[in-house]
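Hi there,

Here is the structure I promised to pass on.

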Amino acid sequence: MSILKLDHFIFKSGIYKQVAQMAEPEPEKVANSHSCRLGKWYYEGTGRSNYGHFPAATRLEKAHDAVHDNGKKAVLALASGETAQVPGFLAAMEDASLEVVECLDELLENVLQ
């Protein structure tokens with residue numbers, strides 16, 4: 001599950017690069033929660049089928065959606081010149097990100113028991 005965490009942080013890094021204007025804002029290219037590696041693992045791979053019965057899996061799905069939604073909203077706000085909204089979207093993305101990591105850790109603990 002550590003590779004899933006790494007990909008999660010790479011996604012966020014891409015958002016921050018756009019916000020910091022180290023990359024051109026491209027909201028249309030921001031991955032959704034089903035197309036990133038974590039989403040593919042959960043929806044197309046063994047994630048939901050093997051771990052969906054754990055409470056952390058339900059929380060993971062909701063938090064993961066929020067990470068992607070708020071990351072995209074931050075980039076959209078930046079691209080449309082509504083820069084005052086960007087910090088709020090980034091804060092919401094980070095709050096959800098903490099929950100994603102906690103859920104992945106909890107799922108790992110459940111599996112190792």
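The buried residues of helix α5 pack against α1, α2, α3 and α4. Here "buried" means under 20% relative accessible area, "exposed" means over 50%, and "partly exposed" is what lies in between, using a 1.4 Å probe and protein chains only. Helices are DSSP runs of H or I with at least four residues, strands are runs of E with at least two, and both are numbered from the N terminus. The buried set in α5 consists of Val-86, Phe-89, Leu-90, Met-93, Ala-96, Ser-97, Val-100, Val-101, Cys-103, Leu-104 and Leu-107.

Before going further, please keep in mind that this is a predicted model: local features need pLDDT of at least 70, side-chain atom pairs count only at pLDDT 80 or more, and totals for chains, interfaces and linings use all residues. Residues are numbered from 1 along each chain as its sequence is written, and side-chain values use heavy atoms, with hydrogens and water left out.

Now for the lengths of two helices. The expected span of a helix is 1.5 Å times one less than its number of residues. With 27 residues, α5 reaches 39 Å from its first C-alpha to its last, close to the 39 Å expected. Helix α4 (residues 55-79) has 25 residues and should span 36 Å, which agrees with the 37 Å between its end C-alpha atoms. Just after α4, Gly-81 takes a positive phi of about 80°.

How do α1 and α5 pack? Two packed helices are described by the angle between their axes and the distance between the axes. The axes are lines fitted to C-alpha atoms, for helices over the stretch in contact, and angles run from 0 to 180 degrees between N-to-C directions. Helix α1 (residues 2-19) and helix α5 (residues 86-112) meet at about 175°, with 11 Å between their axes. That makes α1 roughly antiparallel to α5 (over 145 degrees; under 35 is roughly parallel, 65 to 115 roughly perpendicular and the rest oblique). On the α1 side, the contact (heavy atoms within 4.5 Å) is made by residues including Leu-4, Lys-5, His-8, Phe-9 and Lys-12. On the α5 side, Met-93, Glu-94, Ser-97 and Val-100 are among them. The residues of this contact divide into eleven nonpolar, two polar and four charged.

His-8 is in α1 and counts as buried because its relative accessibility is 5%. Leaving aside neighbours within four places in sequence, His-8 is in contact with Val-67, Ser-97, Val-100 and Val-101. Lys-12 also sits in α1, and at 8% relative accessibility Lys-12 counts as buried. Not counting residues up to four places away in sequence, Lys-12 touches Met-93, Glu-94 and Ser-97. The C-alpha atoms of Lys-12 and Gly-71 are 7.3 Å apart, although 59 residues separate the two along the chain.

Over in α4 you will find Leu-60, which is buried with a relative accessible area of 2%. Its contacts, neighbours within four places in sequence aside, are Leu-38, Trp-41, Tyr-42, Val-100, Cys-103, Leu-104 and Leu-107. Leu-60 and Glu-106 are 46 residues apart in sequence, with 9.9 Å between their C-alpha atoms.

Next, the aromatic rings. Rings of Phe, Tyr and Trp (its six-membered ring) pair if their centres lie within 6.5 Å; planes under 30 degrees apart count as stacked, over 60 as edge-to-face and the rest as tilted. By this rule there are three aromatic pairs. In one of them, the rings of Trp-41 and Tyr-42 have centres 6.4 Å apart and planes at 50°, so the pair is tilted. Both Trp-41 and Tyr-42 are buried. Ring pairs join Trp-41, Tyr-42, Tyr-43 and Tyr-51 into a cluster.

Finally, two loop residues. Gln-21, in the loop between α1 and α2 (37-43), has a positive phi of about 60° without being a glycine. Its relative accessibility is 64%, so Gln-21 counts as exposed. Glu-44 lies in the loop between α2 and α3 (47-51) and is exposed, with a relative accessible area of 59%. Residues up to four places away in sequence not counted, Glu-44 touches His-34 and Gly-39.

Best wishes

Technical notes
Ala, Val, Leu, Ile, Met, Phe, Trp, Tyr, Cys and Pro count as nonpolar, Asp, Glu, Lys and Arg as charged, and the others, Gly among them, as polar.
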